[in-house]
Amino acid sequence: MSRLRSVVCGGGAYLPERIMTNSDIAGLVETSDEWIVQRTGIRARHIAADGETTSMLAVRAAQAALADAGVSADEIDLIVVATSTPDYTFPATATQVQAELGITHGAAFDLQAVCSGFVFALATADKFLTSGSHRRALVIGAETFSRLLDWSDRTTCVLFGDGAGALVLEAQEVSGGGAGDRGVLTTHLRSDGRHRNKLFVDGGPGSTRTVGHLRMEGREVFRHAVGMITDVIEDAFRATGFTAEDIDWFVPHQANKRIIDASAQKLGIAPEKVVITVDQHGNTSAASIPLALAAARADGRIKRGDLVLLEAMGGGFTWGSALVRW
């Protein structure tokens, strides 16, 4: 028996040059390095330069992913960009990435699921590839969240950063068709729009005609996050028969180290299997997972054949998981 799987061929990332430390933020609002680290685990974040847009970050990450995969841009026929900070209301940032890469065929579109965006984009691309409609996809998470922040609100401006990460996926015929295959093994997506006011941006072209600023009820988000995360991960385990002990690497959305630690503990995932970059990147929303994947590959942790568990939860609420054999 054989079937099509979406196999990861390469990945890449890009972070803006400017690094803003907690001490830098303490010069803007009443806070301290100790206060931020204790509550979030964040020590620094990267901030896009003036004129540096989300599509620019996405292109740099895409180019790195293509080079890593040994794939040329003209071999890509699908681009999905997960972002909540597009260059423009329209056209889609993905089309700007497509044009910059010199691609004139296939499809390119954005997907907005806030911090869950990369998992939603990965699941979407997987369905295109395994249906046979497309052959190779760039899946990108890219954000300039610094543009949405109220820099006088210490409860939110300390949390977020900018960056981009990308994967190249290829539809490959694999024999066996079981959980031992390489590729995306299962994805699980959820949403519940009743929670809008807990994490949202208070602007938009259809409501205020402004961009708006990010607003968050941090305690409420924390209260819901661990339960929602474990919910979709347990779905992934049931779908594949794997358990926490089988996982080689747990790469969660990098929002807050306390949420990551609590989720891993509840699921029984050993701390040494958890990839953490939130200390150096902050919360980069849809970019956080591919940035963490790139870091773990660069230092030799994630290798071919490893079983990698991804999860994310974000505004909406949205949440999801993906289990990938690297």
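Me: Happy to have it in view. How are α7 and α8 oriented to each other?

Reply: Keep in mind that this is a predicted model. As a general idea, two packed helices are described by the angle between their axes and the distance between the axes. Here, helix α7 (residues 218–240) and helix α8 (residues 257–267) have axes that come within 10 Å and cross at roughly 40°. Angles under 35 degrees would count as roughly parallel, and 65 to 115 as roughly perpendicular; α7 and α8 are therefore oblique to each other. The crossing of α7 past α8 is right-handed.

Me: Which residues in α7 meet α8?

Reply: On the α7 side they are Phe-222, Ala-225, Val-226, Gly-227, Ile-229, Thr-230, Ile-233 and Glu-234, and they meet Arg-258, Ile-259, Ala-262, Ser-263, Lys-266 and Leu-267 in α8. By class, the residues of this contact divide into eight nonpolar, three polar and three charged.

Me: Let me try another pair. At what angle do the axes of α3 and α4 cross?

Reply: The axes of helix α3 (residues 54–69) and helix α4 (residues 93–100) cross at roughly 50° and come within 9 Å. That makes α3 oblique to α4, and their crossing is right-handed. In the contact, Thr-54, Ser-55, Ala-58 and Val-59 in α3 meet Thr-93, Gln-96, Val-97 and Glu-100 in α4. Three nonpolar, four polar and one charged residues make up this contact.

Me: Now for the rings. How many aromatic pairs does the structure hold?

Reply: There are two aromatic pairs. To read one, look at the distance between ring centres and the angle between planes; planes under 30 degrees apart count as stacked and over 60 as edge-to-face. For Phe-109 and Phe-128, the ring centres are 5.9 Å apart and the planes stand at 40°, so the pair is tilted. Phe-109 lies in strand β5 (residues 107–111) and Phe-128 in helix α5 (residues 117–131), so the pair ties together parts 19 residues apart in sequence.

Technical notes:
Residues numbered from 1 in each chain as written. Predicted model: local features only at pLDDT ≥ 70, side-chain atom pairs only at ≥ 80, totals over all residues. Heavy atoms only, no water. Axes fitted to C-alpha atoms, helices over the stretch in contact; angles between N-to-C directions. Helix = DSSP H or I, 4+ residues; strand = E, 2+ residues; numbered from the N terminus. Parallel < 35°, antiparallel > 145°, perpendicular 65-115°, else oblique. Left-handed = near helix turned anticlockwise from the far one by under 90°. Contact = heavy atoms within 4.5 Å. Nonpolar A, V, L, I, M, F, W, Y, C, P; charged D, E, K, R; others polar. Phe/Tyr/Trp six-rings, centres within 6.5 Å; stacked < 30°, edge-to-face > 60°.
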